[in-house]
Every structure is written in C-alpha cells, then in structure tokens.
Amino acid sequence: MPRLVNATGTAGALWKTTADSNLTRLRGLELSVSAGAEKRAQPISEGIITRVVLAGALGLVAVVATLVLAVWVARSVIRELRRLRREAIDLADVRLPGVIRRLRRGEEVDVAAEAPPLAFGTREIDQVGEAFNAARRTAIQSAVEEATLRRNVSDVFVNLARRSQTLLHRQLKLLDSMERRIETPDDLEDLFRVDHLATRMRRHAEGLIILSGQAPGRGWRSPVAIVDVARAAASEVEDYTRVNVAPMTRAAIVGPAVADVIHLLAELIENAATFSPPHTTVQVQGQAVSHGFTLEVEDRGLSMDEPSLAAANERLATAAEFDLSDSAQLGLFVVGSWPAGTASRSPCGRPPTAA
C-alpha cells in the first residue's frame with residue numbers, strides 16, 4: 001500500500017513538472033509569435049497611419065482650396081454685378097439725360113459711342129450684359145429718333161410759318177396802301193379790322209417759329225420807345241379798341257429785344273381782353289423802378305386760383321418743354337421759350353392762351 005502511494009506521488013510530480021515545462025515553452029512560443037507578428041505588423045500600421053494622415057491633409061487642403069475658389073468666384077460675380085449696376089445707374093441718371101439734353105440743343109449723337117458694348121467674364125452675367133447693351137442701344141436710338149422726329153416737325157412748322165409770314169407781310173403792305181387811298185370811314189374801319197386780323201395771324205406764325213427754336217424774323221437795330229412797343233403789341237390784338245395804352249416815360253428797349261417784348265405783351269393783352277367782360281377796357285401802363293422798367297396789364301376779369309396761378313408762373317419761369325397735349329395754353333409755351341428775364345409773371349392772373 002505505501003509503495004503505490006509513493007509511486008502515484010512520484011508520477012504526479014513528474015507530470016506536473018513536465019506540464020509546467022511544456023506550458024513555459026508554449027508561453028515563450030506564444031510571446032515569440034506575438035513579438036514576430038507585432039514586428040511584422042508595425043510597418044503595415046505605420047503605412048496605414050501615414051495614408052490616413054496624408055488623406056486628412058489632402059482633404060483639408062481641398063476644403064481650403066474650395067473655400068478660396070468659392071470666395072474668388074463670389075467676389076468676381078459680385079464685382080461684375082456691381083459693374084452692371086453702375087452702368088445701369090449711369091445710363092438712367094447720367095448718360096441718357098445727357099444725350100437728351102444734347103439732342104434738344106441740336107447736337108449730333110453717335111449711338112455707338114454713347115453705348116459701347118460691355119463684356120463680362122461670367123457666361124450668365126455676360127448674357128445679361130448683352131441684353132443690357134441691347135436695351136441701352138435701343139433707348140439711346142429711340143431718343144435720337146424722337147429728337148430727329150421733333151426736329152423734322154419743327155422744320156415743318158418753321159417752313160409753314162415762314163411761308164405764312166411772307167404772305168402776311170405782303171398782305172399787310174397791301175392793306176397799308178389801301179388804307180392810305182380809302183377815305184370812306186366805314187370802309188376804312190373794315191380795312192383796319194382786316195389789318196389787325198392779319199397782324200394777329202402774323203403773331204401766331206411767329207409763335208410757331210419761336211416754338212421751333214428759331215428767331216421770329218422781325219428785328220430792329222435801333223432802340224424803340226417802350227410806349228411805341230406797347231402800342232405795337234396792342235395793335236396785334238383783335239379787340240384793340242378796348243386797349244388803352246397810358247403815357248409812359250421816355251424809356252426805350254434795345255432793338256434785338258423789341259420783337260420778343262412786343263410778342264410777350266400781345267399775348268398778355270390778348271389774354272386780358274379775352275377773359276374780361278367785353279364792355280370793359282384793358283389798361284397798359286408802365287413806370288421806371290429801381291432795377292429797370294415795369295409794364296402792367298390790368299383788366300376786370302376773374303382771376304385764377306392760387307395753385308393754378310403758381311403753376312402757370314412756374315412754367316413761365318422755368319421755360320418748360322412744349323407739351324403737345326396742352327396746346328390750349330400755346331401762348332404760355334411761346335412766352336416761356338424766350339430768353340430768361342424776358343417773360344414776367346402774368347399780371348392778370350391767367351396764363352396766355354391760344355386764341
């Protein structure tokens with residue numbers, strides 16, 4: 001019995017020793033295999049990390065480049081849009097009004113020079129720019145064509161008015177010679193009325209010439225007494241018998257301004273006679289003032305309301321452009337077309353009208 005136990009104890013110890021030894025070898029082999037595997041995996045992991053870092057860096061560079069490119073494109077687009085906006089504002093506020101002013105002065109306008117083509121780098125904005133170029137050329141071309149049409153109409157007015165003027169001058173000379181020969185009071189009175197009607201027609205013909213921007217035709221070289229100017233203006237009114245020209249001082253008007261002043265006074269006197277009762281008279285009087293000479297036309301008609309009177313005087317002062325739709329006040333435009341300082345405020349409270 002004791003031998004069996006010992007044998008068994010010896011065999012167990014031997015097994016334990018052998019097992020421990022084998023386990024130690026297996027552990028060493030495991031560590032060796034792990035170290036080899038780690039050593040072999042280290043270059044692979046370093047390569048993977050390198051590629052990840054490189055990909056991250058390239059991605060960051062791409063994001064930064066994308067942002068820079070987006071900002072550059074946005075700035076270029078905004079710059080071109082601002083340029084297009086400046087050109088549009090320049091066309092509306094500067095170029096087109098300047099072209100219209102030059103056309104009104106009778107100057108020639110080159111459409112190609114006034115509307116140079118605009119080129120843009122962005123395709124879409126360049127297309128918008130081409131459309132804007134076309135619109136600008138059309139606007140300027142339309143202004144030129146309208147000015148040409150107005151000039152042609154003015155030339156027609158001047159041509160017709162000059163022809164009428166020539167015939168009326170001949171008619172007035174013929175009437176003057178007939179008045180000198182006829183002695184019968186009734187016939188002479190009729191001739192006087194025809195003479196005044198012809199004179200009135202001559203004034204209307206001169207009004208057309210003035211609206212066309214031309215000189216009326218009549219002219220004086222030497223100064224003319226202002227009382228004679230007032231009487232000449234009264235003679236161009238149909239109801240000349242109702243006009244009373246008061247005596248005035250020996251003031252005179254320089255020759256080049258006589259025709260304009262006669263026309264101005266005739267418009268005002270006719271306006272006063274037209275809008276006052278037929279049994280009343282129209283008084284024309286003048287006196288010297290501190291800064292020149294003042295002429296007053298006084299009648300007994302009804303006056304305008306304050307807003308209408310202010311609008312009429314403003315139109316006289318600013319020489320507004322002739323509006324074809326408001327031809328009822330043709331005399332107002334004629335008076336406003338004269339040089340600054342010639343037209344005055346309407347003393348009878350009504351604007352001159354077309355009789």
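This is a predicted model: local features need pLDDT of at least 70, side-chain atom pairs count only at pLDDT 80 or more; totals for chains, interfaces and linings use all residues.

1. Residues are numbered from 1 along each chain as its sequence is written, and side-chain values use heavy atoms, with hydrogens and water left out.

2. The protein chain holds 8 helices and 5 strands, these being DSSP runs numbered from the N terminus (helices H or I of at least four residues, strands E of at least two). Read from the N terminus, their order is α-α-α-α-β-α-β-β-α-β-β-α-α.

3. Of the 355 residues in the protein chain, 30% are buried, where buried means under 20% relative accessible area, exposed over 50%, and partly exposed in between (1.4 Å probe, protein chains only). The accessible surface comes to about 22,800 Å², and carbon and sulfur atoms account for 60% of it; such areas come from the Shrake-Rupley method with a 1.4 Å probe, and for residues only the protein chains shown count as cover.

4. A patch of positive charge on the surface gathers Arg75, Arg79, Arg82, Arg83, Arg85 and Arg86. Patches are made of residues with over 30% relative accessible area and no salt bridge, with like charges joined within 9 Å and nonpolar side chains (Val, Leu, Ile, Met, Phe, Trp, Tyr) within 5 Å. Lys and Arg count as positive and Asp and Glu as negative, whereas His and the chain ends are not counted, and the place of a charge is taken as NZ of Lys, CZ of Arg, CG of Asp or CD of Glu. Arginine 79 lies in helix α1, residues 2-104, and is exposed at a relative accessible area of 51%.

5. The whole structure has 4 salt bridges, each a side-chain nitrogen of Lys or Arg within 4 Å of a carboxyl oxygen of Asp or Glu. One of them joins aspartate 228 to arginine 231, with the closest N and O atoms 3.9 Å apart; both residues lie in helix α5, 3 residues apart, or about one turn of the helix.

6. Arginine 242, in the loop between α5 (226-235) and β2 (243-245), is buried at 11% relative accessible area. Its salt bridge partner is aspartate 239, at 3.5 Å between the closest N and O atoms, and aspartate 239 is partly exposed at 31%. Leaving aside residues up to four places away in sequence, arginine 242 touches Ala273, Ser276, Pro277, Pro278, Thr280, Thr281 and Val282, a contact being heavy atoms within 4.5 Å.
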